[in-house]
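Visitor: I have a structure open and would like to learn how to read it. Could you walk me through it, feature by feature?

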Amino acid sequence: MPDKLFYTVVITSILIAIVIIFFVISVIRYHKRYMQLQKERIQAQIMIQEQERKRIANDLHDSLGPMLSTVKLFMNSIAVNNDTDQESLNKASGYIDETINNLREIAYNLLPSGLDRNSLEMVVNEYIGRMGSRQPIKITFSVTKDTVIPKKTEIHLFRIIQEIVHNTIKHSGARSLKLAITSQPDGLLLVSEDNGRGFDPDNIRATSDGLGLKSIENRCQMLDADFKLITAKNKGCKMIIKVPVNS
């Protein structure tokens, strides 16, 4: 009788263990599948965003820009009889020039020129040169010598840097921003550091101001990159992004 009870307990325990193991494996598989679906969803969203950015940038460059230039030519060809009318035309022409420049800037931000032909370092330095020249902040960017960045990774790194620069200028009040990409044995390391006012990450994520941070996190997820954020109020902000070799 004791042997029968012992075998019953053992068999029952084995069956319970099998059920638990099956449940755990099912949960792990579900989680992996869920994460894969999340990544595919983010990838699809980012691809759509890039396509829309390209379309809008091309429309601004190929349609609105030439149209405004034509309007300016017509305005300059108008003959006026007094200085007041001439001054009004000159002001209107100046506004059109400013609008054309703004459209070019928007088109450039939507679709960085030359990324398919030039290195990421060159394109980013051109971008921060444009941004830094109009803002009271010193921005530096460097890439260690002989660092190889895959072409398919460049657009994501550029968008991450673009988001960091935009957020730093808009929110941080920083006087300096340092960006650097270094080559590691197991991948690439992107580090950004500013001396701004810092922020509470949890509070930011709960507001509309956290959209930029979420965009960076989505890009990191696309690259299977590790993302570390070090910040606190009045302590500046540091971001460390580690991109694996096979991203």
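Guide: Gladly; let's begin at a turn. In the hairpin of strand 4 and strand 5, five residues lie between the strands, and N234 there takes a positive phi near 65 degrees. Strands here are DSSP E runs of at least two residues, helices are H or I runs of at least four, and both are numbered from the N terminus. This is a predicted model, in which local features need pLDDT of at least 70 and side-chain atom pairs count only at pLDDT 80 or more, while totals for chains, interfaces and linings use all residues. Residues are numbered from 1 along each chain as its sequence is written, and side-chain values use heavy atoms, with hydrogens and water left out.

Visitor: How many bridges join strand 4 to strand 5, and in which sense do they run?

Guide: Two strands pair if DSSP finds at least two bridges between them. Strand 4 (residues 226–231) and strand 5 are antiparallel, with six bridges. One place to look is T231, whose bridge partner in strand 5 is C237.

Visitor: What is the order of elements from the N terminus on?

Guide: The protein has six helices and five strands, and they run α-α-α-β-α-β-β-α-α-β-β.

Visitor: How do strand 1 and strand 2 pair, parallel or antiparallel?

Guide: They are parallel, over six bridges, and S142 has A180 in strand 2 as its bridge partner. With helix 4, these two strands make a left-handed β-α-β unit. To judge the hand, point the strands away from you: a clockwise path from the first strand over the helix to the second is right-handed. Strand 2 then forms a hairpin with strand 3, with two residues between them. That pair is antiparallel, joined by eight bridges, and T182 meets L189 of strand 3 as its bridge partner.

Visitor: What span should helix 4 have, given its 22 residues?

Guide: The expected span is 1.5 Å times one less than the number of residues. Helix 4 should therefore span 32 Å, and its end C-alpha atoms are 31 Å apart, which agrees. After helix 4 comes G173, with a positive phi near 70 degrees.

Visitor: Which residues touch the most other members of the largest nonpolar core?

Guide: In soluble globular proteins, nonpolar side chains tend to be buried together. A nonpolar core is a set of buried Ala, Val, Leu, Ile, Met, Phe, Trp, Tyr and Cys residues joined through side-chain atoms within 4.5 Å. Buried means under 20% relative accessible area, exposed over 50%, and partly exposed in between, with a 1.4 Å probe and protein chains only. Here the largest core has 34 residues, and L157, V165 and I181 touch the most other members. Elements giving two or more residues to this core include helix 3 (120–132), helix 4 (151–172) and strand 3 (187–194).

Visitor: Is L190 buried or exposed?

Guide: L190, in strand 3, counts as buried because its relative accessibility is 3%. Leaving aside neighbours within four places in sequence, its contacts (heavy atoms within 4.5 Å) include L157, I161 and M239. L190 and I161 are 29 residues apart in sequence, yet 9.0 Å apart in space, C-alpha to C-alpha.

Visitor: Which residues form the aromatic pair?

Guide: Rings of Phe, Tyr and Trp (its six-membered ring) pair if their centres lie within 6.5 Å; planes under 30 degrees apart are stacked, over 60 edge-to-face, and the rest tilted. The structure holds one such pair. Y127 and F158 are edge-to-face, 5.7 Å centre to centre with 65 degrees between the planes. Y127 lies in helix 3 and F158 in helix 4, so the pair ties together parts 31 residues apart in sequence. Both residues, Y127 and F158, are buried.
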